[in-house]
Structure formats: C-alpha cells, structure tokens
Amino acid sequence: MRGFTGAGYDKGRALPVQAAWYAVLHLVFATWWFPARWRPALLRAFGARVGQRVLIRRGVRVHWPWKLDIGDDVWIGEDAWILNLEPVTIGHDCCVSQGALLCTGSHRRRSATFEFDNGPIRLEAGSWIAARAVVLRGVTVASGAVVGAGAVAHRDLAPGEVLTVGGAPATDVSVPPVSAKGTTA
C-alpha cells in the first residue's frame, strides 16, 4: 500500500472547502443539539441538492455534500453514514434508516497499490434502506425496493425487490408501488 496514489479520485472541492465542511460536520451538523430542520439548509450551503420536507436526524454523517442529491419527502435516520466519494442520489419518498451505510468507495484488491474502485449509488423513489443495512458502490436500489435490516446490497435491486440477511424470505412483500409523483398506487 506504500505506493497508493488515489489516482483518478476527484474530491470535487478545494482543500479549504473540504476543511470547512469537516469542521461543520463534526462541530454542528451531526450533533444532538443542532435542529433537524436546519440540516438540509446546511447541506445546501455546501453544494448539496436537497428537496422539500427532508428530515435528517442527529448523528448523520455526509462525506461530501456537493456529491449528494436528495429528493422530496426523504427521511435519514440517526447515525446513518453517507460515504459519498462519488455521487449519491436519493429519490423522493425514500427512507435511509438508523445506522445505515451508503458507501461509494472501494479499492481494487488486485492492485499492488490498492487504488480506488469507486462508483455512485442511486436510491430510486420509494426505496427503503433499513436499520444497519449497507449499500455498496455502483448499486441502484430501484423504486419500492427494500434493503432489509443488516443486509448488504452489493448488486442492483429490481423494483419492489426485498433483500434480507442471508436471503431469507421477506415477511412483508406488499410494498406498494410508487408513482412518478411520489404517491403510492
């Protein structure tokens, strides 16, 4: 790993902006005392695109706000982590539950220098990432799909698909489809 260069990875902003976000993230944004209703505005101030009626709970970490796009009526639960070295798109009416991880970063394991192998994440309208679930780089979670509690999404999920730990059958597969306007059909 001594030869790691990070070649091809663009952080998207200059070092002073990165440092300012890091300070704001840890001193204000993720704290228990900072009002949830102000978090979307703070993300917007650092370049995120955030829709209306977005609730972001305490303890949420966002690596780079300028690589984040959140639709309307989204809920992000306590201690969720959006590790977005690459863009993360969260569609309208999505839920990212407590302790969930959206991780766009990885490494080329066969590379002698362990270079990055990153990819964007897309959560389509009405999808749900349950508590402590993980979505890995390059994955699209289609409309109405669910990554169950503790499950790891390492591949794309089809519309309405439910991924559970160990592939166990889902107990509630009656996920209503979401229309283009965000209402259930």
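## Close-up views of a predicted model

**View 1. Five parallel strands form an open sheet.** In this predicted model, 5 strands line up in the order β1-β4-β7-β10-β13 and their pairing is parallel, where a strand is a DSSP run of E with at least two residues, numbered from the N terminus, and two strands pair if DSSP finds at least two bridges between them. Strands β1 (49-50) and β13 (140-141) stand at the edges, each with a single partner strand, so one side of each is left without a neighbour in the sheet. Within this sheet, β4 (residues 68-70) pairs with β7 (residues 88-90) in the parallel sense over 3 bridges, and Leu-68 stands opposite Val-88 in β7.

Two remarks apply to every view. Residues are numbered from 1 along each chain as its sequence is written, and side-chain values use heavy atoms, with hydrogens and water left out. Because the model is predicted, local features need pLDDT of at least 70 and side-chain atom pairs count only at pLDDT 80 or more, while totals for chains, interfaces and linings use all residues.

**View 2. Six parallel strands form another open sheet.** Here the order is β2-β5-β8-β11-β14-β16, and the pairing of the 6 strands is parallel. At the edges stand β2 (55-56) and β16 (162-163), each with a single partner strand, so one side of each is left without a neighbour in the sheet. Strand β11 (residues 128-129) and strand β14 (residues 146-147) pair in the parallel sense over 2 bridges, with Ile-129 standing opposite Val-147 in β14.

**View 3. Arg-49 and Asp-69 meet in a salt bridge.** A salt bridge is a side-chain nitrogen of Lys or Arg within 4 Å of a carboxyl oxygen of Asp or Glu, and by this rule the count comes to 8 salt bridges. Between the side chains of Arg-49 and Asp-69, the N to O distance is 2.3 Å. Arg-49 lies in strand β1 and Asp-69 in strand β4, so the pair ties together parts that are 20 residues apart in sequence. Arg-49 counts as exposed at 55% relative accessibility, given that buried means under 20% relative accessible area, exposed over 50%, and partly exposed in between (1.4 Å probe, protein chains only).

**View 4. Asp-73 forms a salt bridge with Arg-53.** The closest N and O atoms of this pair are 2.6 Å apart. Asp-73 sits in the loop between β4 and β5 (75-76) and Arg-53 in the loop between β1 and β2, so that the pair links distant parts of the chain, 20 residues apart. Asp-73 counts as partly exposed at 31% relative accessibility, whereas Arg-53 is exposed, with a relative accessible area of 58%.

**View 5. Arg-58 and Glu-78 belong to a network of salt bridges.** The side chains of Arg-58 and Glu-78 meet at 3.4 Å, N to O, and the network links Arg-57, Arg-58, Glu-78 and Asp-79. Both residues of the pair count as partly exposed, Arg-58 at 33% relative accessibility and Glu-78 at 26%.

**View 6. Trp-66 is buried in the loop between β3 and β4.** Its relative accessible area is 11%. Not counting residues up to four places away in sequence, Trp-66 touches several residues, among them Val-17, Trp-21 and Phe-46, where contact means heavy atoms within 4.5 Å. The side chain of Trp-66 also reaches the backbone oxygen of Lys-11 at 2.7 Å.

Notes:
Helices (H or I, at least four residues) and strands (E, at least two) are DSSP runs, numbered from the N terminus. A polar contact is a pair of N or O atoms within 3.5 Å; within protein, one must be able to donate a hydrogen and the other to accept it, and residues adjacent in sequence count only if both atoms are side-chain atoms.
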